[in-house]
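Here is a short tour of one protein model, written for someone who would rather look at residues than read tables of atoms. Have the viewer ready and follow along.

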Amino acid sequence: MVKVGVFLVLVSCAMTLACGDGDDSATDDGSSTDSIEIEGTWTSNFGGEEAISDEAWTSFAAQTIIEFSNDENYAIWQNPSDAEFNPDMFGRNVWTEIEDGSFYYCTVAYMSETAEATEDDAEPADANDFETGCGALGSPWTQLTQQ
C-alpha cells in the first residue's frame, strides 16, 4: 500500500511539472504566454499561402518564431540554416488587428544578426498606408485572409 501511495505522489509531481500550473496569462516579465493571435492558414494578396503558429511563420521558408507579442503585434523569427537567402538571420514582422477574417503585416527587419537587433534594425511601418508604407523603400504591406 505504501508503494502505491509513493507512486501516486511521484506521478502527481511529474504531471504538475509537465503540465505547469495552468496559469498561461503572463510570464514573470509581464509578457503574454497565450497563443499567437494570428495563428492559422492564410492566403496572401500576392497569391501564396502562409501558415502561422506559436513555433513557426511559414511562407517561402519555415521561419522559427523566437518571440511574439499579441499586445504589440510583432513576431521575431529566425531563418533556417539552409535558407537560400539570409540563413540563420533574424527578422521581425509587425501586423494589424484581424478584421473581417484578414489582417496586414509588414516585415520590418530581415537581416539582423540577433533577435534583439531586430528592434534597432526595424524599418518604418505605416499602418495607415498599406500600399507603400512598409519599410524605407515604400513597399506594400502583405494582406492575409483566413482560409
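Helix α2, residues 117-121, is the biggest contributor to the negative patch, with 3 residues. Keep in mind as you look that this is a predicted model.

The negative surface patch as a whole is made up of Asp34, Glu67, Asp71, Glu72, Glu113, Glu116, Glu119, Asp120 and Asp121. Glutamate 119 sits in helix α2 and is exposed, with a relative accessible area of 58%. Its C-alpha atom is 9.2 Å from that of isoleucine 76, although glutamate 119 and isoleucine 76 are 43 residues apart along the chain. Glutamate 113 lies in the loop between β7 (102-112) and α2. Glutamate 113 counts as exposed because its relative accessible area is 63%, and the cut-off for exposed is over 50%.

**The overall layout**

Now step back to the whole chain. The protein has 2 helices and 8 strands, and along the sequence they follow the pattern α-β-β-β-β-β-β-β-α-β. Of its 147 residues, 31% count as buried. The accessible surface comes to about 9400 Å², and carbon and sulfur atoms account for 53% of that. If you take the contacts between residues at least 6 apart in sequence, 38% of them join residues at least 24 apart.

Most residues other than glycine have a negative phi. Asparagine 73 has a phi near 55°, a positive value in a residue other than glycine. Aspartate 100 also has a positive value, with phi near 50°. Where do you find asparagine 73? Asparagine 73 is in the loop between β4 (62-69) and β5 (74-78). Aspartate 100, for its part, is in the loop between β6 (90-95) and β7.

Is asparagine 73 buried or exposed? Asparagine 73 is buried, since its relative accessible area is 7% and buried means under 20%. Aspartate 100, in contrast, counts as exposed at 83% relative accessibility.

**Glutamate 37 and its neighbours**

Asparagine 73 turns up again when you select glutamate 37. Leaving aside residues up to four places away in sequence, glutamate 37 touches Asn70, Asn73, Trp95, Glu97 and Ile98. Glutamate 37 belongs to the loop between α1 (2-19) and β1 (40-44), and is partly exposed, with a relative accessible area of 30%.

**One more loop residue**

Phenylalanine 60 is placed in the loop between β3 (56-58) and β4. Phenylalanine 60 is exposed, with a relative accessible area of 87%. The C-alpha atoms of phenylalanine 60 and glycine 48 are separated by 8.7 Å, and the two residues are 12 apart along the chain.

For quick reference, here are the C-alpha pairs from this tour.

| Residue pair | Separation in sequence | C-alpha distance |
|---|---|---|
| Glutamate 119 and isoleucine 76 | 43 residues | 9.2 Å |
| Phenylalanine 60 and glycine 48 | 12 residues | 8.7 Å |

How values were computed. Residues are numbered from 1 along each chain as its sequence is written. This is a predicted model: local features need pLDDT of at least 70, side-chain atom pairs count only at pLDDT 80 or more; totals for chains, interfaces and linings use all residues. Side-chain values use heavy atoms; hydrogens and water are left out. Patches are made of residues with over 30% relative accessible area and no salt bridge: like charges are joined within 9 Å, nonpolar side chains (Val, Leu, Ile, Met, Phe, Trp, Tyr) within 5 Å. Accessible areas come from the Shrake-Rupley method with a 1.4 Å probe; for residues, only the protein chains shown count as cover. A salt bridge is a side-chain nitrogen of Lys or Arg within 4 Å of a carboxyl oxygen of Asp or Glu. Lys and Arg count as positive and Asp and Glu as negative; His and the chain ends are not counted. The place of a charge is taken as NZ of Lys, CZ of Arg, CG of Asp or CD of Glu. Helices (H or I, at least four residues) and strands (E, at least two) are DSSP runs, numbered from the N terminus. Buried means under 20% relative accessible area, exposed over 50%, partly exposed in between (1.4 Å probe, protein chains only). Contact means heavy atoms within 4.5 Å.
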